[in-house]
Each structure stands twice: as structure tokens, then as C-alpha cells.
Amino acid sequence: MAIFECAEIKKHYGSNFALNGFSVKVEPGRIVGLLGPNGSGKTTLMKLANGLLTCDSGEILINGEKPGKNSKMIISYLPDKNYLPNWMNCDKLMDFFADFYADFDRQRAEVMLSGLGLDRKQPIRQMSKGTREKVQLIMVMSRRAKLYLLDEPIGGVDPATRDYILETIIRNYDTDASVIISTHLISDVEKILDDVIFIDKGKNVLFSSVDDIRSQHNRSVDEYFREVFRCSGSY
């Protein structure tokens with residue numbers, strides 16, 4: 001059974017379609033890049049999958065069920081903006097996540113946080129942007145979820161922080177779970193991807209394994225993305 005499936009979903013804001021007949025099927029155990037220009041529908045798709053928005057038409061299934069209470073129990077979601085309460089410190093954050101999520105692995109979180117070498121009593125508001133990004137990702141990846149939805153996890157941070165974030169993702173998801181990473185920083189993230197979805201103007205332009213792109217087109221994912229979107233006029 002697919003862990004994440006979309007069938008002809010549409011979502012519009014006024015007369016503008018954020019998603020326009022988007023379909024895809026993601027199997028368990030895959031790391032998938034959701035790749036597209038700004039405004040292509042990536043964040044809308046993430047919010048729909050997490051039950052924060054509803055489709056105008058079409059259907060989304062998470063592990064065979066529509067988004068709702070049961071799907072929220074198996075999805076760990078990283079939004080594209082910081083959502084951690086600024087007054088909390090790391091210890092309070094772990095208490096908060098443990099209260100809300102039955103699958104939160106506190107030991108996993110403590111091991112990753114100790115690697116940052118930070119004062120766990122320091123409030124979030126006193127941390128640098130890069131450190132806040134790392135802490136937020138650690139909280140999300142410390143859940144033993146079946147589906148991780150990560151919206152722009154490496155956007156707006158320095159290259160060293162990007163490397164740390166990608167290493168954290170690859171080391172801390174369960175191998176039978178799937179990860180969907182929305183990003184436009186393709187050259188940074190493609191080294192950890194199994195599959196890619198190219199999305200443009202709310203449509204699925206391409207769904208392929210990374211290996212197939214490299215073998216069939218003799219290009220990196222980043223190079224092929226630029227070629228496809230240059231031809232479409234979106235890049």
C-alpha cells in the first residue's frame with residue numbers, strides 16, 4: 001500500500017490554481033524530493049497532506065486513509081516557517097512533544113541535541129537562526145513516524161547547517177518510513193534522494209527515481225530539472 005497517494009487533486013485560491021489535477025503515489029521506504037519553482041504548489045500540497053487545508057476536488061490518502069486524526073498520528077510535519085514557541089527551551093520542547101505525540105522518541109532527541117553542544121536551558125528566542133532550524137528538525141525527526149513531510153528544511157541557512165540538516169534526516173528516519181522533502185535547492189539535497197517529483201503550476205510534470213534520471217538522461221537531477229523547466233518556461 002502506498003504511504004502517500006494523490007488522485008487528481010485540485011486546490012485554488014480565487015481564480016488561481018495552486019494544484020490542478022495533481023496525482024502521485026509514494027511507496028514506503030523512500031526519500032522523495034518535491035521539486036519545483038517558487039509558487040508551483042509545493043507548500044499547498046504539504047498542507048493538504050497534513051490536513052491543514054482541504055482539496056476542492058480529488059482525493060489524498062495517507063496509508064490508505066483520508067487526512068484526519070489517524071493520519072496525523074503517523075505524519076511528522078516540518079513547516080516552512082519556525083513554529084516553536086520562543087519562550088521554550090529544549091527541555092520544555094521535549095516535554096511538549098512527548099505530551100502531544102505518542103511516537104516521540106525522547107532518547108533520540110536527547111542524543112541529537114547533545115551533538116549540538118548547546119545549553120538546553122537557553123530559550124529558543126536566544127538561538128541563532130541556524131540553531132533554531134536544527135532544533136526544530138530534531139524535534140520532527142525524533143518522532144517514529146511513517147511519513148515525514150519537510151517543507152524547505154534547508155532554505156535560508158548556511159551550507160554547513162544544510163549539511164547538518166541533511167545528515168540528520170538520513171540518519172534518523174526509520175527505513176520503512178517515507179520522507180518527502182520540498183525544496184528548490186536541488187543540488188544540495190539530491191544526494192540523499194531516492195525519487196523526485198517535478199511540480200509546476202500545480203501539476204506533476206515528472207515522477208522518477210534518481211537512478212533513472214542519471215542513467216537515462218546522463219545528467220544530475222539538478223541539471224535535468226533546469227533542462228525540463230527551461231523548456232517549460234518556468235525556470
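Student: In β7, which residue is the bridge partner of Leu150?

Tutor: This is a predicted model, in which local features need pLDDT of at least 70, side-chain atom pairs count only at pLDDT 80 or more, and totals for chains, interfaces and linings use all residues. Residues are numbered from 1 along each chain as its sequence is written, and side-chain values use heavy atoms, without hydrogens and water. Strands β6 (residues 147-151) and β7 (residues 178-183) pair in the parallel sense over five bridges, where pairing requires at least two DSSP bridges. Within β7, the bridge partner of Leu150 is Ile181.

Student: Which residue of β6 is the bridge partner of Ser76?

Tutor: Strand β5 (residues 75-78) also pairs with β6 in the parallel sense, over four bridges. In β6, Ser76 has as its bridge partner Tyr148.

Student: Which residues of β6 point the opposite way from Leu147, Leu149 and Asp151?

Tutor: In a regular strand, side chains alternate between the two faces of the sheet. In β6, five of its five residues are buried, that is, under 20% relative accessible area with a 1.4 Å probe, protein chains only. Leu147, Leu149 and Asp151 point one way, and the other way point Tyr148 and Leu150.

Student: Are α3 and α4 roughly parallel or roughly antiparallel to each other?

Tutor: The axes of α3 (residues 90-100) and α4 (residues 106-116) come within 11 Å and cross at roughly 155°. Angles under 35 degrees count as roughly parallel and those over 145 as roughly antiparallel. The two helices, α3 and α4, are therefore roughly antiparallel.

Notes. Axes are lines fitted to C-alpha atoms, for helices over the stretch in contact, and angles run from 0 to 180 degrees between N-to-C directions. Angles under 35 degrees count as roughly parallel, over 145 as roughly antiparallel, 65 to 115 as roughly perpendicular and the rest as oblique. Buried means under 20% relative accessible area, exposed over 50%, partly exposed in between (1.4 Å probe, protein chains only).
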